[in-house]
Number of protein chains: 4
Amino acid sequence: MAASLRLRGAASGLRYWACRRQQPAGARLAAVCSRSMASKTPVGFIGLGNMGNPMAKNLMKHGYPLIVYDVFPEACKEFQEAGEQVIIYAIRILGLESCLMVASAIVFGYVKLYEITDIPGRYRDGAAVERKATERRVKKGSLLIDSSTIDPAVSKELAKEVEKMGAVFMDAPVSGGVGAARSGNLTFMVGGVEEEFAAAQQLLGCMGSNVVYCGAVGTGQAAKICNNMLLAISMIGTSEAMNLGIRLGLDPKLLAKILNMSSGRCWSSDTYNPVPGVMDGVPSANNYQGGFGTTLMAKDLGLAQDSATSTKTPIFLGSVAHQIYRMMCAKGYSKKDFSAVFQFLREEESL
Amino acid sequence: MAASLRLRGAASGLRYWACRRQQPAGARLAAVCSRSMASKTPVGFIGLGNMGNPMAKNLMKHGYPLIVYDVFPEACKEFQEAGEQVIIYAIRILGLESCLMVASAIVFGYVKLYEITDIPGRYRDGAAVERKATERRVKKGSLLIDSSTIDPAVSKELAKEVEKMGAVFMDAPVSGGVGAARSGNLTFMVGGVEEEFAAAQQLLGCMGSNVVYCGAVGTGQAAKICNNMLLAISMIGTSEAMNLGIRLGLDPKLLAKILNMSSGRCWSSDTYNPVPGVMDGVPSANNYQGGFGTTLMAKDLGLAQDSATSTKTPIFLGSVAHQIYRMMCAKGYSKKDFSAVFQFLREEESL
Amino acid sequence: MAASLRLRGAASGLRYWACRRQQPAGARLAAVCSRSMASKTPVGFIGLGNMGNPMAKNLMKHGYPLIVYDVFPEACKEFQEAGEQVIIYAIRILGLESCLMVASAIVFGYVKLYEITDIPGRYRDGAAVERKATERRVKKGSLLIDSSTIDPAVSKELAKEVEKMGAVFMDAPVSGGVGAARSGNLTFMVGGVEEEFAAAQQLLGCMGSNVVYCGAVGTGQAAKICNNMLLAISMIGTSEAMNLGIRLGLDPKLLAKILNMSSGRCWSSDTYNPVPGVMDGVPSANNYQGGFGTTLMAKDLGLAQDSATSTKTPIFLGSVAHQIYRMMCAKGYSKKDFSAVFQFLREEESL
Amino acid sequence: MAASLRLRGAASGLRYWACRRQQPAGARLAAVCSRSMASKTPVGFIGLGNMGNPMAKNLMKHGYPLIVYDVFPEACKEFQEAGEQVIIYAIRILGLESCLMVASAIVFGYVKLYEITDIPGRYRDGAAVERKATERRVKKGSLLIDSSTIDPAVSKELAKEVEKMGAVFMDAPVSGGVGAARSGNLTFMVGGVEEEFAAAQQLLGCMGSNVVYCGAVGTGQAAKICNNMLLAISMIGTSEAMNLGIRLGLDPKLLAKILNMSSGRCWSSDTYNPVPGVMDGVPSANNYQGGFGTTLMAKDLGLAQDSATSTKTPIFLGSVAHQIYRMMCAKGYSKKDFSAVFQFLREEESL
């Protein structure tokens, strides 16, 4: 089945949706399309924010015609100006509906699939189950890949809904930040029916260096959530250990060196050290600007918490980590990189 | 000063004590000593347990005559049988006193320095400050290196006491387990006066591949405690993440692979994975036998907790990790490797 | 509107649903009804478990004809045998549909409203949002009171659905256990439109000594969840303090006395002490049998956790308490009273 | 022995020390002493701060001549001006030495016994075991009662030292704040040899309404520490529950009312509610001024942590509570009442 897929690419900031076995995308589309792209199915890309923008560009570089969409029209402009290389459905003319029905792949930046499509889902922020009266439809036979990080249980729901419409759903959240998005070195963790993985891999490979098949729908999310929970725990642990060591008289650089040659070594200590002055080129060297925001980490830990509660899994450190990041959001750290937890633990107000 | 030191080696399971600038160790000693060793000062080694035994052997391999001592006389036998290569002061004849006064280096296995020498110190278990009436004396000019893991504050006290006796004290706790002790690849974190470090390095280098100078007395302990706290946090974090992932439908090996290529990577996930079946040659592959015992981890976390309380350092995850290992000790895990926390979190009694 | 309500009572183990302004319940019903009850509208009561059974009986004592239902038919038998005092719609004949359409009040024991009615809702245990194809309808003008403990966000959803059917929904979870259910001394925390509260109070007052209006729909649940979270925290806190005191040499009874005359005093220490031998007539005096099960506490803490995550509220102790009860469920304590956390913390396996 | 005690009273802000069976306090003392007091042995009172000042005054009211001392001479002035009713040893003239040797009772405000007397002890803040060269001596046969909150293990050490000097030591920490100190309604938890308790009770009864014998030396401290740990846990729990409830739409006053009639009820919810506007006359009604300082709570939780570590007692919530108060101290809450944890959890910086 995947073998018969003519689509060559489709990427996903958050989700993508490739129309498979579909007819040529219609006269208007064909007219704009350059020859070199004739053989590739256009890929829709929805959500062109910090992550989605560079991801979409990497798809372009691999020769995929794009149909871009973003709730902020300005975000599409840069792509429109790229001329023939990108097939732009003017948003005012075709709108989101057409994008969903025509494009062979859509990358959802940070816009949630169910927000776009009205497929029912639980809104994490509002906690409410929403159902809009009119549901948008997706093209039959299309392959939809959701690259946002959401509750695995919601991924399963979405998969059922998409299946009812005759399409296929896969979850493929990413690891790696804006830098990896730009260099095309993201890691995608993919959940879905195994025979569709080859098709997904073809597209995701344009944007990431690792595309890992995780199992049934939802397992991509599961892998992402587990990784980020461990990341948060390691980062706080590194911050606590570094802070304690400094107060006990150790030089931070030296302590980092020791940890990194010992059993305390972790990504947060050897690649993304949270203590200013220990490493260059990381957020802690730049007042915790850039990187992976505290708010986003708090969100992911909320998802981990939900999944743990649902599956009755004890997560002692995971849940305390969740509270710490929650607290940081309330105390002015929401926009800083999540490694600012070192600063949060260390900083004392002048009294 | 260190340059004038004639001693060439002296190792430390827990602590070592090198007599510097001392006279030849007396007639009896000289008589037993082989020629090839004439130029090296004998090293005392106290404490010949799981760690001390291989450490002492590595000192022997580097040509150091040893004066061994252990509260269990049988532990010395193996060394006695090594004949000329080891200079054995028959314990029954000379006893501990002589060992302390004659040997140029003593490795304290897991016997505490203050237990041996009656130097006052806080007993962690009893929390009481003890002072025995008669204090054993140590040789003037000797260099004492303590390789056990204790409260940095106690190291500082010990250093003062040792200084009063005209000797020098350094703390040099180790990282790396029995395997590293055997292969001579331990990491030593050394605290003490900088000009004495060269002498310490000469000895510790026989037993470890990394000998790191950390700063003033107590900073070796500080580095060790910080590392082990981070280790405990990472191990529990890895166990929580792996357990959650498994319950969400992920294959453990696959999940470990994903974590190890992502930001969740840590020593506990990539070198010492706690989930049975994921890695070979680690305690989790052998029912959590061997390795670093849960009791010892609980002890080290107690030290971290004490240090954090003293220095008013918040350690949210460190203190919860402490409670978890404390709990495990009470629930039958005390003799298992500390990676058994995965089993503790996962295991359900059949009800 | 509430004034025109002819219904006099309707109770709720978990939820109740009073049909207001309805026609006499039909010929068959009328025929069984005794004269003394002619003036009171029959009340449906669904869910006749440990809580529902005594609650329903208290409604009967106040003269309300009952229409009982339970997934286990045997649970209804006791009521059928009560003869004329209870109006039983034979389950085989009328079934649940009739119960919902005819009775003026239904008490839902521990059966969830949305399980009964197919109103969509999130199942806490499965985390999935379910929608059954055919939705049962409820009588227009009826008042439905839900006495189960669920996520306040779900209560709000349910209220919307019920409103669409032309009925009114209130949440009214209970505090107090089986004992209070028997003696009619439950506390009901009621959320819903204020003008309907008088009607609810009339019914709930038959089963509880405190019927508190909390505010809009969902606030009853909110109050319940907050209380139970604080209860869990206090219970664990009491257990930790009692255990620590005992290990420091204090007599448990004496320590309890001191706490209860000091600022550590709480319901868990002065009314429900978790240490065997301190109080009589509490679960700790009876091997933690009876009382409020550990599983239920774990469930309620899961709801608190969900609500806190949704509202971005930091709950450090609440989330650790959640993990502890989660852990206890896995370690053989699920059926014991939640005060068994003392035993969990204290008990050491013989090694 | 206690029967032969002529001393009638002696109180203790932190510690008190009654000289028993002593000779009349010397010529100078006698000269100042009024007739009405001739029959009562003078009581030394050291430490006249917020707690010590009203405690000493209550002793005066019961007719005890006082010998007061404070590191700040001004603190004694008020007592000097009280004229004949108080026997003042001019600090400049007699100094601390005389106070210790002559007075029959000394109340130590917040000055540590071992700071005053050079009895060795562990300084919590520095974590170091200190021994000063010259030790001050205490009168033989005197009864010393320590009312400060310290590590029970240190109390035991102090008791041994005092015993060596031929005196008797009891620990008697207090519960109840400044208000209770003024009204003479403190609770004293007393540890020491049982036959000396009657003597202690006589004195402490002047300052407290509850004087409870707890057992051997150190158990008074143990009881205090356990109470305060439970208090901290309940206070944080109350704050989390109130904050969650408010965010879920509940009125704070109503929620407090519900908690207080339910199983969540505790001293922190019904007597010392941390939410502004819920109660009058508590620190939360006065911007968290007065009351029991956050720093002191952090200190007591550190003691609980130490005791738990020493006795290998798991205290999950106690240790997290410790970290929270530690954090608050660093974030500007150190001088506020400990109920300000509500504000800490709730307050959001304007971003």
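This is a predicted model: local features need pLDDT of at least 70, side-chain atom pairs count only at pLDDT 80 or more; totals for chains, interfaces and linings use all residues.
**Two interfaces in numbers**

Let's start with how much of each chain is involved. Where chain C meets chain D, 60 residues of chain C are in contact with 60 residues of chain D. Over at the other pair, 60 residues of chain B touch 60 residues of chain A. The table puts some values for each pair in one place.

| Pair | Buried area | Share on carbon and sulfur atoms |
|---|---|---|
| Chain C and chain D | about 5100 Å² | 70% |
| Chain B and chain A | about 5000 Å² | 70% |

**A look at C and D**

Now for the charged links. Chain C and chain D have two salt bridges between them. One of them pairs C:Arg265 with D:Asp270, and their closest N and O atoms sit 3.1 Å apart.

Which elements of chain C give two or more residues to the side that touches chain D? There are two strands on the list, β9 (186-191) and β10 (208-215), and then the helices α9 (219-247), α10 (252-260), α11 (267-270), α12 (294-311) and α13 (316-330). The largest share comes from α9(C), with 20 residues. If you sort the residues on this side of chain C by class, you get 35 nonpolar, 19 polar and six charged.

**A look at B and A**

Chain B and chain A also come with a count of two salt bridges. Here A:Asp270 and B:Arg265 join up through their side chains, at 3.1 Å from N to O.

On the side of chain B that touches chain A, at least two residues each come from β9 (186-191), β10 (208-215), α9 (219-247), α10 (252-260), α11 (267-270), α12 (294-310) and α13 (316-330). So which element of chain B gives the largest share? That is α9(B), which supplies 20 residues. By class, this side of chain B holds 35 nonpolar, 19 polar and six charged residues.

**A domain label on chain A**

Finally, an unreviewed UniProt entry marks residues 218-344 of chain A as the domain "3-hydroxyisobutyrate dehydrogenase-like NAD-binding". What does the chain look like over that stretch, in helix and strand? Residues 218-344 of chain A are 61% helix and 0% strand, and the C-alpha atoms at the ends lie 34 Å apart.

Definitions and conventions:
Residues are numbered from 1 along each chain as its sequence is written. Chains are lettered from A and ligands numbered from 1 in the order in which they are written. Side-chain values use heavy atoms; hydrogens and water are left out. Contact means heavy atoms within 4.5 Å. Buried area is the accessible area (1.4 Å probe) that two parts lose on being put together, summed over both. A salt bridge is a side-chain nitrogen of Lys or Arg within 4 Å of a carboxyl oxygen of Asp or Glu. Helices (H or I, at least four residues) and strands (E, at least two) are DSSP runs, numbered from the N terminus. Ala, Val, Leu, Ile, Met, Phe, Trp, Tyr, Cys and Pro count as nonpolar, Asp, Glu, Lys and Arg as charged, and the others, Gly among them, as polar. UniProt positions are given in the numbering used here, feature names are shortened, and annotations may be inferred rather than shown by experiment.
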